Amino acid sequence: MAQKSKGPDLPTGHTAHTQSAVQNCSWISFHHSSVQSFANADYDAAINSSLQALDTLGAPHLSVLDTCAAAYAMKGEFDKAMEAAEKMIECAPTAAAGYLRSGETLAQQGKHEHAVKVYEQGQQKVPVDDERYASLEERKAASNAQINKRLDFLTLLPIDVADIIIEILSDDEDVDFDLVCMDVSRAWQTIIADYPLAWSSFVISRSDSDRAFFGLLPLVGRHVKSLWLEDMEAHQSQKVIDAITSGQFGNIQQLETLNWNVDSETLLKILSRLGNTLTKLIMVVGKGDQAPSLGRLLLACPKLKLLSYQIDEGRMLFGDQDPQIPGKCNIKTLMLNSESLSNDVADAILRRCPNLQGLRIGQCTGDGLKMILDRCPRLKLFGFNGPVPVQPGISVDDLPGMQQIAIRYTKEIVPEHVIGLLRSSQTTLQNLTFTFFDEGPNISKRWAGLKDIKGVNLKQLTYTDGFSMDMHTIIATVIQNCHALQSAMLQSLSHVSGSTLGSALLMLPNLRILTLSKMSNDCIAGLKLFFDGHANKGKTSSLLKIIFHKCNDVPDPILEAISAIKTLQEIDIVQCMWANEWLVKFTDLSSTHSTLKAMCLADIDTITDDVLRSLTKLSSLRELVLTNLLEITADAVEGLVDNMKNLETVKIDCPQFDNHIQERIRKRLKQRKLK
């Protein structure tokens, strides 16, 4: 249990500043003010005065840092308290003050085992004739006494009840599970380390401390089934290599790496060590990093069923040029991206993957489309020169026929091949992404075959085209034929009125989500027919969510129509430069009859506190997400929470706010719920 701080000490002679700075006595006034504020329990004032004293000095001072650390601890900001305490030790490693403050801060958090270690460290560094040396022994004895009398409830509970508690903690986003729960006690560490579900997925990145290696890996490595390695430091990378080669990760089924800078031979040894269990491998190889050939990867991991291999500069040895590529492999989902992927090489690879059901192939020439379709008749997920059609990990075994297609059209592609693919998939296709860049002649004639396609089960459509008005008319016909469509995303439609597509979308009886991305003002205005139509439908409208992405302006008539839609539950506004202007208008229009339950504002530099205050007019709002809004303040966010009585969830990810803002808001919402 956390305990109250013993408070700061009065000024001491241990300093790390120059004599000239000492002569400026204004810092003493600031320091005495901070000590007085601490005594009056005004911890914010104590911190501010301490920081002013340090700024005046221009260098660390033990007593000032001690007050600052004590005040941070009393506010529950233990990370900042420990930072100040560690600074005390750094500037005066043979003085007891820093060790006492550091140990005290740990003890306040109930981390008495760590506090004891700090006090012992101080006893080794501080001279025995130091006037406060005896305090180190006293505090150490007090922490040991707390350890001996502590009642650890987790050890007294039935195993199934303890498992439920651990499962809840491991799933809670607000709990730093591996670095907090493992610190409660040795008993907690033992019990939690033996709980497999808590460690099935493990992420290691540059930002992780070495403790993740020295402390956790030997204890929990055997439970890890999914390991994600992201942009690590060299010494971190070596620790991971040692852990894998020593067998600490004996049950890895999925490995994801991002810019893991290891040489090809080392990587192959690691993969061979994991080869008996590894079924999914996702690798992104950065520029300049070494990369083994595809054949050697498959030989090292014979049980792979999913492989995603993204690499720059075409540095892989592919196809028949790779003598080690197996004659046949078990791969079911393959995602490749390389600038040197010729049709011959692609054909050589696909010949060796007879069980292939999911394929994403990038940077392939246009006439390779027919070869792929002929070579892989059992495909269910297909991406050609476009985005990955499926996230790694999805199962395709139980899906009948072609389910997802993502094609980025280029002039080398023969339209008949695309039309043939869509026609053969029209009864099973659920997700279609079509990026169109055809500026050639006779577009309407060459693509006329699309009009006959009926997407019986198509649920999601993404269409991008910044050039052709003729193609928009054809796509509008396709949309009209897809009565099951639930989500539509239109991108970069900058040269048409939008009315053609708007009319087609309005005819869909089940459309729930509409996303408009990088659309011109004229095109958005052209969709007025669509928004008016849904407003006129009243409560029978199917539209639940609208997403604006990189749409700099939304005309007033559109805002009026959207605010009148009775079924609308969510609006997301992302990277819309001038959203602050039209968002305030929208809240004014919606203030008396809003049905919105959720809103997301992300990556908008112009969103200010005034915009946040306008959101209080949306009384129906239950969930709010604020991401990368650089101009808003904590006061405005907290005021928003206080004034919106129906808010249940607020998620904030803005660089100017620390975790304590999120924690304060979470506590306010929790207290409101309890009331």
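This talk goes through one predicted model, from the whole chain down to a few single residues.

I will start with the whole chain. It has 675 residues, and 51% of them count as buried. There are 28 helices and 18 strands. If you take the contacts with a separation of 6 or more, 72% of them come from residues 24 or more positions apart. The chain exposes about 31200 Å², and carbon and sulfur atoms supply 50% of that area.

The largest nonpolar core has 156 residues, and the members that touch the most other members are Leu227, Trp447, Met471 and Phe531. Helix H20, residues 469-480, gives the most to this core, with 6 residues. Another core lies apart from it; that one has 13 residues, including Met82, Leu106, Ala107 and Tyr119.

What does Met471 touch, if we set aside residues up to four places away in sequence? Its partners are Phe434, Phe436, Ile443, Trp447, Leu450, Tyr463 and Asp465. Three of those names come back on the next topic: Phe434, Trp447 and Tyr463 form one aromatic cluster.

On to the aromatic pairs, then. The structure holds 7 of them. In one, Phe38 and Tyr43 sit edge-to-face, with 5.3 Å from centre to centre and 65 degrees between the planes. Phe38 and Tyr43 are both buried. Another pair is Trp199 and Phe202: the ring centres are 6.5 Å apart and the planes meet at 40 degrees, so this pair is tilted. Why tilted? An angle under 30 degrees would count as stacked and one over 60 as edge-to-face, and the rest are called tilted. Trp199 and Phe202 are buried as well.

The background is simple: an α-helix has 3.6 residues a turn, so residues three or four places apart point the same way.

Where is Asn457? It is in the loop between helix H19 (443-446) and strand E11 (460-464). Asn457 has 30% relative accessibility, so it counts as partly exposed. Beyond residues up to four places away in sequence, Asn457 touches Gln426, Thr427, Thr428, Leu429, Gln430 and Ala484. Of these, take Gln430: it is 27 residues from Asn457 along the chain, yet their C-alpha atoms are separated by 5.5 Å. With Thr427 there is a polar contact: a polar atom of the Asn457 side chain lies 2.5 Å from the backbone oxygen of Thr427.

The other residue is Ser49, in helix H3, residues 43-57. Is Ser49 buried or exposed? Its relative accessibility is 9%, so Ser49 counts as buried; the cut-off is under 20%. Leaving out neighbours within four places in sequence, Ser49 is in contact with Phe30, Ser33 and Ser34.

That is the end of the talk.

Methods. Residues numbered from 1 in each chain as written. Predicted model: local features only at pLDDT ≥ 70, side-chain atom pairs only at ≥ 80, totals over all residues. Heavy atoms only, no water. Phe/Tyr/Trp six-rings, centres within 6.5 Å; stacked < 30°, edge-to-face > 60°. Buried < 20%, exposed > 50% of the residue type's maximum accessible area, 1.4 Å probe, protein only. Helix = DSSP H or I, 4+ residues; strand = E, 2+ residues; numbered from the N terminus. Contact = heavy atoms within 4.5 Å. Polar contact = N/O pair within 3.5 Å; in protein donor to acceptor, adjacent residues only side chain to side chain. Core = buried A, V, L, I, M, F, W, Y, C linked by side-chain atoms within 4.5 Å. Areas by Shrake-Rupley, 256 points an atom, 1.4 Å probe, with all protein chains shown as cover.
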